[in-house]
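Please keep the sequence and the structure in view while reading.

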Amino acid sequence: MTDTTNTEDTTDATEEVAADGAGIVAPDDETPTWRERKERRQGLSRLTYEYFERSRREDQDLRTESSYVERDVLAFPTWPHEMIRNLSLTSFFVGLILFLAAALPPHLGAPADPSTTPAIILPDWYLYWSFGLLKLGPLNPDLAILGGQKLMKDATYGVLANLVVVGFIALVPFLNKGSARRPVEQPFWSAVGVFGVVFAVMISGLSIKNLWPAWVNVHLLFDMTFLLPFVAGFITYAILKAMREGYMFELNRRYYRLRPPR
Amino acid sequence: MSDEFIKGLATLCGGLFGWMVFSGWYTTEGFESTQLIAEVPTDPAIYGNIALTLREALFWFAIFGAITFWVLIPAGRQARAALRDRRSSN
């Protein structure tokens, strides 16, 4: 078998290409011992063990047959391994949906009445953050040079706040391309992410401030909306920075590097 | 250890799932009022009685199942290991 992709080796006829894959078989310490085989005797652990053992064996066979020299791509074949797993997960969730549809009593509400306005008008829950940004009136400054008047109406201010948030989210991919595999690898950007998540949750809570029970202090909620994201971000940064010491950057890089065949 | 974790999680989720279905039938006033934890009906028929009993049973099955797999069994193992260590060291 000749390696046509590698021009250096074909020109040099004296040097034999190691096409038998001898150098790329999994080393012996990855093969389970007989003791390990015996320990997994029954039930789910046996099934799981056989599944992974067979995958490992097929991977080893593929490596043995492969004409690639030092193939570094670690993966399972799509069929059957990935498909069996995906189909079992899919079946589970489809079964769950069918069961719920059959077993939970359906609710058929009264037909919608277009002639009356409901007392509470809200967007869907995943748009609460945007709805909350419309309620930033207290942050709209009264300017002294305008004689204590506001530069723009609170509504305009809220819409502009939406533009700022959406603009920042659109800017993030240009500032950081997201090459980290774990939060510890880039503590600052992880902290920015936690900041954003906490801010989204808090501003969502603020957007329904008129619906909270009486014990919720709305003014405190407003302050916390802008304070808690910073607190959460700083804590995240500190924790991740402290975790970097024990983190094996090299090992992680080795697992996730997909090197094309030489 | 991860085996015990997934057993506890499965017990918790499965039990609460069944509890949710029975609660949807028997202790839900309506879509826009109290859901799942409304008052238990005072004079249920025989099927209602069975369902309400199962509802209670599933709830406590979920709680005690999770406690068993996440707390009791690991604690028992640790205790047994500690006892063995103490015996072998003496």
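## Chain B: overall build

Chain B contains two helices and zero strands. Here helices (H or I, at least four residues) and strands (E, at least two) are DSSP runs, numbered from the N terminus. The model is predicted, and local features need pLDDT of at least 70, side-chain atom pairs count only at pLDDT 80 or more, and totals for chains, interfaces and linings use all residues. Residues are numbered from 1 along each chain as its sequence is written, while chains are lettered from A and ligands numbered from 1 in the order in which they are written.

Of the 90 residues in chain B, 11% are buried. A residue is buried if 20 or more other C-beta atoms lie within 10 Å of its own, exposed if 12 or fewer, and partly exposed in between, with C-beta atoms placed from the backbone. Two residues are in contact if their C-beta atoms, placed from the backbone, lie within 7 Å. Among the contacts in chain B between residues at least 6 apart in sequence, 70% join residues at least 24 apart.

## The helix pair of chain B

Two packed helices are described by the angle between their axes and the distance between the axes. In chain B, helix 1 (residues 2–26) and helix 2 (residues 46–89) have axes that come within 8 Å and cross at roughly 160°. Helix 1 of chain B is therefore roughly antiparallel to helix 2 of chain B. Axes are lines fitted to C-alpha atoms, for helices over the stretch in contact, and angles run from 0 to 180 degrees between N-to-C directions. Angles under 35 degrees count as roughly parallel, over 145 as roughly antiparallel, 65 to 115 as roughly perpendicular and the rest as oblique.

The crossing of helix 1 and helix 2 of chain B is left-handed. A crossing has this hand if the near helix is turned anticlockwise from the far one by less than a right angle, and is right-handed if clockwise. The contact of helix 1 with helix 2 of chain B has 18 nonpolar, seven polar and three charged residues. Ala, Val, Leu, Ile, Met, Phe, Trp, Tyr, Cys and Pro count as nonpolar, Asp, Glu, Lys and Arg as charged, and the others, Gly among them, as polar.

## Annotated spans and the loop of chain B

An unreviewed UniProt entry lists residues 9–26 and 57–76 of chain B as "transmembrane region". UniProt positions are given in the numbering used here, feature names are shortened, and annotations may be inferred rather than shown by experiment. Residues 9–26 of chain B are 100% helix and 0% strand, with end C-alpha atoms 25 Å apart. For residues 57–76 of chain B, the span is 100% helix and 0% strand, and the end C-alpha atoms lie 25 Å apart.

B:Leu36 lies in the loop between helix 1 and helix 2 of chain B. Its phi is near 70°, a positive value in a residue other than glycine. B:Leu36 counts as partly exposed because it has 13 C-beta neighbours inside 10 Å.

## Chain A: overall build

Chain A has nine helices and two strands, and along the sequence they follow the pattern α-α-α-α-α-β-β-α-α-α-α. Of its 262 residues, 7% count as buried. In helix 4 (residues 78–103) of chain A lies A:Pro80. A cis peptide bond, with omega about 0°, joins A:Trp79 and A:Pro80.

The unreviewed UniProt entry gives "transmembrane region" for residues 87–104, 155–176, 188–208 and 220–240 of chain A. Residues 155–176 of chain A are 95% helix and 0% strand, with end C-alpha atoms 32 Å apart. Residues 220–240 of chain A are 100% helix and 0% strand, and their end C-alpha atoms lie 29 Å apart.

## Helices 7 and 8 of chain A

How do helix 7 (residues 187–207) and helix 8 (residues 218–243) of chain A cross, and at what angle? Their axes come within 8 Å and cross at roughly 155°, which means that helix 7 of chain A is roughly antiparallel to helix 8 of chain A. This crossing is right-handed, and the contact has 20 nonpolar, five polar and one charged residues.

A:Val192 is found in helix 7 of chain A and counts as partly exposed because it has 19 C-beta neighbours inside 10 Å. A:Val231 lies in helix 8 of chain A and is exposed, with 12 other C-beta atoms within 10 Å. The C-alpha atoms of A:Val231 and A:Val198, 33 residues apart along the chain, are separated by 9.6 Å.

## Where the chains meet

Five residues of chain A are in contact with four residues of chain B. On the side of chain A that touches chain B, three residues are nonpolar, two are polar and none is charged.
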